[in-house]
Amino acid sequence: MPGTASAAPASAPLQKSAALDDVTGAYYPVAPARLLDTRDGTGAPVGKIGAGKKVDLQVAGRGGVPASNVGAVVLNVTVTGPTAASFLTAFPAGESRPTASSVNFAKGWLGSNNVTVKLGAGGKVSVFNNSGSTDVIVDVVGFYAGNDNLTNRNGGQYEWYLPKRYWDTREDPEGKPPAGQVLEYSLDFDDAYNPHVKSLVFNLTAVSPAKSGFLTAWSGAGARPTASTVNYLAGKNVPNLSFVQTTPCTGTEQYNWCTPGAPKFKIYTSQAAHVLVDLVGVVDDGESPYGMRFAPLSPTRIVDSRTNLGISGAIPAGGVRKVTAPAELVTEDTGVLAMNVTAVTPTNNTVVTTWPADFDDIGKPDTSNLNPYAGQVVSNGVLGVIGPNAAFNVHNLSGSTHLVADVVGTFYYPAASKTAKSLTAKTATSDAVPSANRR
């Protein structure tokens, strides 16, 4: 039966745990849990969020998030049934609403976006809708420690990799995964590093779905959660940044399809759809010398090509633009900008890709961050690696498009790993060995 996990063996390889001396800014994954669903009254009264209205959503103390000492949360925010083109802004409760957007959508749209949000007053996040009315669903997938007071010392650090496509079912001889298909994937880094991997971070894209539906990515441990990771309309290519917990391969999997101890996870598709998986990073238990911590920010706009902020004018076909982070947002230890990037009304269907600037040995990757259609306004979470001059590149494939980028936090190298700033393309490229199974 699709979605049913195999029986667990009597014993399985254990993932090592390296308690951190100071957990400030460390990442903690949680099993995806629903915090808000305006369709059924979860987290707020039943009913769409109206024009100019907001919901103050209680996050701390729910869905595996501690009641205190949390700096920011990683959410998957889904919009369904909007009555007008609009946008949502998620921001710390108790603060003035910023000039920023978290999800941009058209009338009748169905879709989701990975959104990292600093927690506000009372451990709440405000979710604002600009126009019309829409149902909103929010699932939590992880959180960052706000200080060193958490009793759980097993937080993780984020290590970026040059984006690399590991799986693409369009190249699979079995063809498009049918409705209800469960895909199992594993990445074998090496025997020494595998036990330290806690989560994988990738851009997950649904391509050419036969009907409207969703993808759900999870560790594969236990039953499939009710949360969704990517929500798609029929025929639309939809990406979403995804933080996904892993569980170790046991060595007893049917067909011996993965290496014992290597981290694995599952992806379920509710409708027939191709699936693309681009790795962008790993969260481990502090083993990697290149690990980073997270510092949350209130959403701050650094790019709006419509007003020549950060980029002057729309990006043409094949065009590359360099964006330098404002000095007040970064330090010499900053390695990655956590952003929400929005393509605004491209003239053609296109692909938008980001990568670090000013590295001689790092070129544009063969991956995507956004896959917008002509005339669409669409967003995606982007963990934008910055080069030695605190800048990143943006490439537009076809037509021309305006671009907006809002920074919601930064990843920085703690004192013990500042040498990681000298990271080269070679050391930032994952040589992990992929494996896959379909059932």
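1. Of the 439 residues in this protein, 59% are buried. The model is a predicted one.

2. The secondary structure consists of 25 strands and zero helices. The radius of gyration is 20 Å, close to the 22 Å that the globule rule gives for 439 residues, so the protein is as compact as a globular protein of that length. Along the principal axes, the C-alpha atoms fill a box of roughly 55 × 50 × 45 Å.

3. One residue can be followed in detail. Asn 340 lies in strand S20, which covers residues 334–344. Is Asn 340 buried or exposed? Its relative accessible area is 6%, and buried means under 20%, so Asn 340 is buried.

4. Leaving aside residues up to four places away in sequence, Asn 340 touches several others, among them Val 103, Asn 113, Ser 379, Asn 380, Val 404 and Asp 406. Ser 101 and Ser 102 also belong to this list. A polar atom of the Asn 340 side chain lies 2.8 Å from the backbone oxygen of Ser 101. For the backbone oxygen of Ser 102, the distance to a polar atom of that side chain is 3.2 Å.

5. Asn 340 and Gly 384 are 44 residues apart in sequence, while their C-alpha atoms are 9.7 Å apart in space.

Key: Residues are numbered from 1 along each chain as its sequence is written. This is a predicted model: local features need pLDDT of at least 70, side-chain atom pairs count only at pLDDT 80 or more; totals for chains, interfaces and linings use all residues. Side-chain values use heavy atoms; hydrogens and water are left out. Helices (H or I, at least four residues) and strands (E, at least two) are DSSP runs, numbered from the N terminus. The radius of gyration is taken over C-alpha atoms; the globule rule is 2.2 Å times the number of residues to the power 0.38. Buried means under 20% relative accessible area, exposed over 50%, partly exposed in between (1.4 Å probe, protein chains only). Contact means heavy atoms within 4.5 Å. A polar contact is a pair of N or O atoms within 3.5 Å; within protein, one must be able to donate a hydrogen and the other to accept it, and residues adjacent in sequence count only if both atoms are side-chain atoms.
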